[in-house]
Amino acid sequence: MLKTTFLDYTYANPLMNASGVHCMTMEELDQLVDSKAGALITKSATMAARAGNPEPRYSDVPLGSINSMGLPNHGIDYYLDYALNYQKNQQAPLFFSVAGTSVQENLQLLQKIQESEFNGITELNLSCPNVPGKPQVAYDFPLTEEILTKVFSFFTKPLGVKLPPYFDMAHFDQMAAILNKFPLVYVNSINSIGNGLYIDEQSDEVVIRPKGGFGGIGGEYVKPTALANVRGFYTRLNPEIKIIGTGGILTGQDAYEHLLCGATMLQIGTQLHKEGPAIFERINNELEEIMKKKGYQTIDEFRGKLKTID
Ligand code: RRO
């Protein structure tokens, strides 16, 4: 009932982890493989391993999460080893996330993937909000176009981009016009809402150490923004560019709403961190229940069919 075709492969269901959650180590990635997630993605990798920002750097809060991890990861070779092993045993393409902290590093990372035997799908993260001194790339429109132009001069494997949330119709228009110039296979909206601040009411203190407590916000807080970004890009991008919907998925209803807005795959970050990989079975069951009640046999029957008021 939840079968989802994305590029040339049909996944059992559209659910995945969001990059960064439960995917830093091979053990965590194996647990996703063993879960009811339809697909999985690795933690954004840099060329060299990074320790990331000082702890505490991730906090679950009542309506979501705040994080300033600072791109901790084991380096691209670690995840490439995992991916090459994975593709020997599994048919489903793996999603591989990279996030350079400079244009040059992004190109190096993608060169390495291009030259490797990796045959899955690559996600270029243009939206990390947490590396001090490094602004979110995709809020700089000319820089985004420059990077994609350079990338597609050599990169021939399937590539998607992870975007930050936008909050203005003019920005949806401008970013979509840039993305439509390139043979991207998907855009993933949204990354966390950058640089929020959460205060503990007992201690009058922030809850994460880096950057004076500022961090990316996920969870319930972000669903309306995520849905708007999924819808905003679904209605503006060439139909060849699919949408991955990420942000505020806690229930089958949330997943259903992302699909109504036009998403093909769905990623879960904050709530996966709270619940662990058993969440995938729960959301799959809840989504199936909603589809049964509404009389749908497949997701394709309602994907993108959000109703508006004349
Ligand atoms: O590692 C992080 O701090 C981080 C990244 Br790369 C990202 O893309 N999004 C996020 O919320 N945290």
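Let's start at one residue. Arg 57 counts as buried, because its relative accessibility is 11%; buried means under 20% relative accessible area, exposed over 50%, and partly exposed in between, with a 1.4 Å probe and protein chains only. A word on the source: this is a predicted model, where local features need pLDDT of at least 70, side-chain atom pairs count only at pLDDT 80 or more, and totals for chains, interfaces and linings use all residues. Residues are numbered from 1 along each chain as its sequence is written, and side-chain values use heavy atoms, with hydrogens and water left out.

Back to Arg 57. It sits in the loop between helix H1 (26-33) and strand E4 (58-61). Helices (H or I, at least four residues) and strands (E, at least two) are DSSP runs, numbered from the N terminus. What does Arg 57 touch, leaving aside neighbours within four places in sequence? Its contacts include Ile 66, Asn 67, Ser 68, Met 69 and Pro 210. Contact means heavy atoms within 4.5 Å. Gly 70 is 13 residues from Arg 57 along the chain, and their C-alpha atoms are 8.4 Å apart.

Now the sheet. It is open, with 7 strands in the order E3-E15-E14-E9-E8-E7-E6, and the pairing is parallel. Two strands pair if DSSP finds at least two bridges between them. At the edges are strand E3 (15-17) and strand E6 (95-98), each pairing on one side only. On average, neighbouring strands are turned by 25° against each other, direction ignored. Axes here are lines fitted to C-alpha atoms, for helices over the stretch in contact, and angles run from 0 to 180 degrees between N-to-C directions.

Walk along from E3. E3 pairs with strand E15 (residues 265-268) over 3 bridges. Leu 15 stands opposite Leu 266 in E15. Next, E14 and E15 share 3 bridges, also parallel. Ile 244 has Met 265 in E15 as its bridge partner. Then E9 and E14 pair over 4 bridges, and Ser 189 has Gly 245 in E14 as its partner. E14 is largely enclosed by the rest of the structure, because 4 of its 5 residues are buried.

Which helices lie across these strands? Helix H9 (residues 279-294) lies across E3 and E15, at about 155° to E3. H6 lies across strand E8 (159-163), strand E9 (186-189) and strand E14 (242-246), at about 175° to E14.

Stay with H6. It covers residues 223-234, and its 12 residues reach 16 Å from first C-alpha to last, close to the 16 Å expected. The expected span is 1.5 Å times one less than the number of residues.
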